[in-house]
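Reader: Hi! Could you walk me through a few spots in this structure?
Author: Happy to, let's have a look together.

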Amino acid sequence: MKISYNWLKEYIDIDLSPEELAEVLTDTGLEVSSIEEVESIKGGLEGMVIGQVLTCEPHPDSDHLSKTTVDIGGGCVLPVICGAPNVAAGQKVVVATVGATLYDGDKEFKIKKAKIRGEVSEGMICSEKEIGVGTDTSGIIVLPENAVSGTKAKDFYNLESDYAIEIDLTPNRIDGASHIGVARDVAAFLKQTKDIAYKRPSVEGFEPDNQQLTIPVEVLNPEACPRYSGVTISNIEIADSPGWLQNRLKVIGLTPINNVVDITNYVLFETGQPLHAFDADEIKGGKVIVRTMPKGTRFVTLDEVVRELDEKDLMICNAEEGMCIGGVFGGVRSGVKNTTKNIFLESACFDPVFIRRTAHRHGLNTDASFRFERGTDPNGVIYALKRAALLIKEIAGGTISSEIVDIYPNPVNDFKVEVTYNNITRLIGKDLGAEKIKGILASLEIKIESENERGLSLMVPPYRVDVKREVDIIEEVLRIYGYNNVEIPASVKSSLQTSVKPDPNKLKNTIAEMLTSQGFNEIWSNSLTKASVYEGMKDYSENRTVKLYNPLSSDLNGMRQTLFFGGMESIAYNANRQNPHLRFYEFGNCYFSKGVKYEDNPAGNFREEEHLGLFVTGNKEVANWVTPEQQASFFQLKTYSENILSRLGFNIEGFDTTESENELFSEGLTYSLPGKNIKLLEVGIVATKWLKKFDIENPVFYADFDWGQVLFEQKNNKIAFAELPKYPAVRRDLALLVDKNIQFKSIKDIACKVEKQLLREVSLFDVYEGKGIPEEKKSYAVSFILRDDNKTLKDKQIDKVMQKFISRFEKELGAQVRK
């Protein structure tokens, strides 16, 4: 949410700079994310001055240009060629001098000294649109005679720069979603060191002028609408808003529309109370009814979209049809138009749950629904209504033509909260004293109902929807007192605890550091996802998705079952920004529903697993003078994955490795513990259909560790020690011609069975297919490392072992030794 620095100072007299104000707001819980200087007119009219046209005569070489001289003060007279039809001698005008910049949207034009058809021109006499003070392009601006030559244009138009302060508003602090709400917090904070208070504009002058247009209201659903009020204003003139009002809205990012709509927006951001203006002549039957409509009723909203209503959508209706989705979005027919003469002005309080569900159901997020979803002040409804009515009367004319209709059957009382001084001291860590605490509570408009030596009985106003418990009161006291004012104690009291062995966090950090050192970047993706992404999947079926009862949006209505989709989104985002060579890893939880009815077994319906995902795509090596460009490959990621298991003490040779059947992969491997059928890792090449879905051009390789299971099994790994060998190892190589379907693993397994005592390592260092090799065959180049830990091996002993290898390869695999 944005607030205007100058606008805020209308409610509280402060001498803080925008940066100092931002620090105060952040300290009080309204965290400021940015400060941006805003000019009401782009460029601030720099380089433009008021001048007087001294002479004006036709251009000697043009039938539509005029040759003028303009006095811009200080004895400076400029020759200016002007094309406006209304330029004349004696006029006071706005002159853009050489070096000034004019703006037209995103385009800009710099004034230069030039010759126009042979005549020198050292500036430009401007129209309203050219300098941004209006829309008229028919001719130049002609200023009043009392305008003084040489005056800077920005001073003549009283331009002021402002600052837009962006606040990252947390869901519980909806009381700060207005300029008055922010002023209230600033005043409470500053009141600790000086005498200061915020003020609200007075509405004492509100009084109906007549009773010529009374529109009755009926609320048929008081649960969804605890309070509804309205008033009519007649004989108004719809026009553009005055400059001060437009500037206020522009600074906070709103586009001015017309005076009535702008006033409702102005009061919304002033008080935090949403308002809506109906064209009173479009209210059929002359009556407003607050109710729900039958399911499937079609309704056209302001954006001209036809929406089908749910039976739980609260509607503001006339006697015949719906006019507005209550608290969310207006209708296309009932809104204020240029021809509107009479309006019905609505100010209401709606139930947050009703509004939230309706807004999410229709995919709408408006300034009004944002506030109603979090809870507005039911006791601030009438003030905002009177404030808007007075502004409309002042700016748009007309008369207040009815009494206020106010339907409030069950008034909301203040929340009663008990708090003790001992608990305040215990949680804050400092004794503030009773008087300081009471002063802070008073500055927050929290009333003290009664007091005793133990503590206070308090009454909290309804606009503080987040303050209903003792701990909430203590938090309010602390944020206004100042977190930074609580000294760090000289001693720290703590209890010693033993951690689980092995320490899960330590192991996670070890692997994270290992991956980071190998060029990986850690990512964090949202654990909320779109449930429909799992439609039609087998391994991650949609009925196993944990779905949210009250989702933020339809795109975030389920919990993820895999880290895969979040990682693919990150790859697509980076690749689209010319960063295609990526290595990512992510630790995160995945969630699964067991399909049991929630009501039958709430706790047992869900399962949560921690996973580690690795993603590799693009180039393994970027081309440079030493290394040629190398594409990432499946085997690169396979090596990274096996290194992780090795680092955790697993013996890679001991895994059962099978082809993965995971639908995320076109090809892949699954690593399981033998005899347990426990899958720890899947690694593979991402299938083409997923690359197309995310619009990714390069191949992507993905590994998925069941991290929770990995940690559980890791406890069983024993660390063994052996002294360094005293005797040398010997290497022998074989080139084996085998069938194409033979895997290296088969060769390795046979070798390990044949020689268990001397064989230390078997490695594949080359695979060849092509010239000189039969079409159905391939050639493996395999190395064997042999060593005897008790003596030096002799050639005769080595040859005997190698011959045993060859015999078994020929017998079991049909292999041939290539010479």
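Author: Let's start with Asp 279, which is buried, with a relative accessible area of 4%. One thing to keep in mind is that this is a predicted model.

Reader: Thanks! Which strand is Asp 279 in?
Author: Asp 279 belongs to strand β15, which covers residues 275-279.

Reader: And what is Asp 279 in contact with, leaving aside its neighbours within four places in sequence?
Author: With those neighbours left out, the contacts of Asp 279 are Ser 334, Gly 335, Lys 337, Thr 340 and Asn 342.

Reader: What lies 3.0 Å from a polar atom of the Asp 279 side chain?
Author: That is the backbone nitrogen of Asp 281.

Reader: How far apart in space are Asp 279 and Tyr 198?
Author: They are 35 Å apart, C-alpha to C-alpha, and 81 residues apart in sequence.

Reader: Let's switch to Ser 783. Buried or exposed?
Author: Ser 783 is buried: its relative accessible area is 6%, and the cut-off for buried is under 20%. This serine sits in strand β41, residues 777-786.

Reader: Which residues does Ser 783 touch, not counting those up to four places away in sequence?
Author: Ser 783 touches Arg 731, Arg 732 and Asp 733, along with Glu 761, Val 762, Ser 763 and Phe 765.

Reader: New topic, sheets! What is the order of strands in the open sheet of five?
Author: The order is β13-β16-β19-β20-β21, and the pairing is mixed. At the edges stand β13 (217-219) and β21 (329-330); each has a single partner strand, so one side of each is left without a neighbour in the sheet.

Reader: How do β19 and β20 run, and how many bridges join them?
Author: They run antiparallel, and three bridges join β19 (residues 314-317) to β20 (residues 322-325). Within that pair, Cys 317 is opposite Gly 322 in β20.

Reader: What holds strands together in general?
Author: Strands of a sheet pair through backbone hydrogen bonds, in a parallel or an antiparallel way.

Reader: Last one, backbone angles. What is phi of Asn 235?
Author: Phi of Asn 235 is near 60°, a positive value in a residue other than glycine. Asn 235 is in the loop between β14 (227-234) and α6 (243-251).

Reader: And where does Asp 695 lie?
Author: Asp 695 lies in the loop between α17 (688-693) and β38 (700-705). Its phi is positive too, near 55°, and Asp 695 is exposed, with a relative accessible area of 59%.

Technical notes. Residues are numbered from 1 along each chain as its sequence is written. This is a predicted model: local features need pLDDT of at least 70, side-chain atom pairs count only at pLDDT 80 or more; totals for chains, interfaces and linings use all residues. Side-chain values use heavy atoms; hydrogens and water are left out. Two strands pair if DSSP finds at least two bridges between them. Helices (H or I, at least four residues) and strands (E, at least two) are DSSP runs, numbered from the N terminus. Buried means under 20% relative accessible area, exposed over 50%, partly exposed in between (1.4 Å probe, protein chains only). Contact means heavy atoms within 4.5 Å. A polar contact is a pair of N or O atoms within 3.5 Å; within protein, one must be able to donate a hydrogen and the other to accept it, and residues adjacent in sequence count only if both atoms are side-chain atoms.
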